[in-house]
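I opened my notebook to look up a few things in a structure that is new to me. The structure comes before the entries.

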Amino acid sequence: MTRPNESPLAKTLTVLDSCVRDRRLPDLPTESWSGWPDAPGVGVSLMATFLWAVKGSVAGGPAQLIDQFGVSTLIHEGWLEDPAVTGFTLRRYDRYVALLTRWATDIGTRPELVEMWLVQRWSARVREARFGSHAAPTLF
Amino acid sequence: MSHFDEGFAPPTACVQWCQLRSYDLNVLDDGVVVDLDWWNKHLERAGHDIRLSGRNLDGKFVTDGFATVQRNDLRIGTDLAGGDTTRT
């Protein structure tokens with residue numbers, strides 16, 4: 001450790017505080033290839049959830065939760081993107097949010113519900129595959 | 001929106017599912033049961049000052065035992081989300 005007096009959380013807290021204040025990700029000059037601010041210990045899903053909780057936005061629209069099940073459904077439905085949420089760059093997350101925002105507008109609902117459908121759809125497919133006719137008819 | 005996503009429309013099942021649900025009831029009221037004692041012991045052990053709280057079955061504020069944390073409670077400005085919002 002080069003700065004032993006600094007709390008190991010200092011970097012992360014700076015980023016999160018900035019999100020609370022500005023309701024968007026900080027524009028810190030970042031060395032990271034991913035576009036996300038350097039917040040050790042905070043992965044893509046947690047950062048997205050935090051941004052949603054503080055009513056933050058990204059370029060694609062109001063921040064939305066992101067879960068692997070949801071992205072897996074999107075890809076199964078034909079979305080051409082890299083599947084792994086943990087490796088989502090900020091740019092790819094923007095594209096995800098923009099898609100959810102547009103779908104919600106088309107449907108006349110909120111992107112949060114679209115996100116919820118994506119996740120539950122995957123769970124329902126898994127249940128049906130595992131339990132077949134014994135599963136409750138949940139595949140909507 | 002990315003031009004790659006033009007023409008990628010929501011599946012019919014998604015449209016129907018979303019139209020039958022409401023944001024307040026199905027999103028904000030969505031909750032999970034958490035063991036506050038377990039989490040708060042771990043927060044304390046890790047040296048954090050913050051403590052997790054939740055609601056009991058009557059919706060009352062509780063700080064120990066098993067409690068429900070609703071999605072709405074995660075949002076800033078709500079009763080349970082104690083955040084440092086005074087510095088804005």
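The entries below cover the contact between the chains, a pocket and one glycine.

Basis. I am working with a predicted model, in which local features need pLDDT of at least 70 and side-chain atom pairs count only at pLDDT 80 or more, while totals for chains, interfaces and linings use all residues. Residues are numbered from 1 along each chain as its sequence is written, chains are lettered from A and ligands numbered from 1 in the order in which they are written, and side-chain values use heavy atoms, with hydrogens and water left out.

Contact between the chains. I looked up the contact (heavy atoms within 4.5 Å) and found 32 residues from chain A and 32 residues from chain B. The buried area (accessible area, 1.4 Å probe, that two parts lose on being put together, summed over both) is about 2900 Å² between chain A and chain B, and carbon and sulfur atoms give 71% of it. Of the area that chain A buries against chain B, 22% is supplied by A:Trp52, A:Ile107 and A:Leu113, more than any other three residues.

Salt bridge. I counted one salt bridge between chain A and chain B, taking the term as a side-chain nitrogen of Lys or Arg within 4 Å of a carboxyl oxygen of Asp or Glu. A:Arg95 and B:Asp5 meet in a salt bridge through their side chains, at 2.8 Å from N to O.

Pocket. The lining of the largest pocket has 47 residues, and A:Leu46, A:Phe50, B:Ile50, B:Leu52 and B:Leu74 lie nearest its centre. By class, 25 are nonpolar, twelve polar and ten charged (Ala, Val, Leu, Ile, Met, Phe, Trp, Tyr, Cys and Pro count as nonpolar, Asp, Glu, Lys and Arg as charged, the others, Gly among them, as polar).

Glycine. B:Gly65 touches B:Val34, B:Asp35, B:Leu36 and B:Asp37, leaving out residues up to four places away in sequence. The C-alpha atoms of B:Gly65 and B:Asp35 are separated by 5.9 Å, though the two residues are 30 residues apart along the chain.

Conventions. On a 1 Å grid over the protein atoms alone, a cavity is a set of points where a 1.4 Å probe fits but cannot get out, and a pocket is an open set with protein on both sides within 12 Å along at least five of seven lines; lining residues have an atom within 4 Å of a point.
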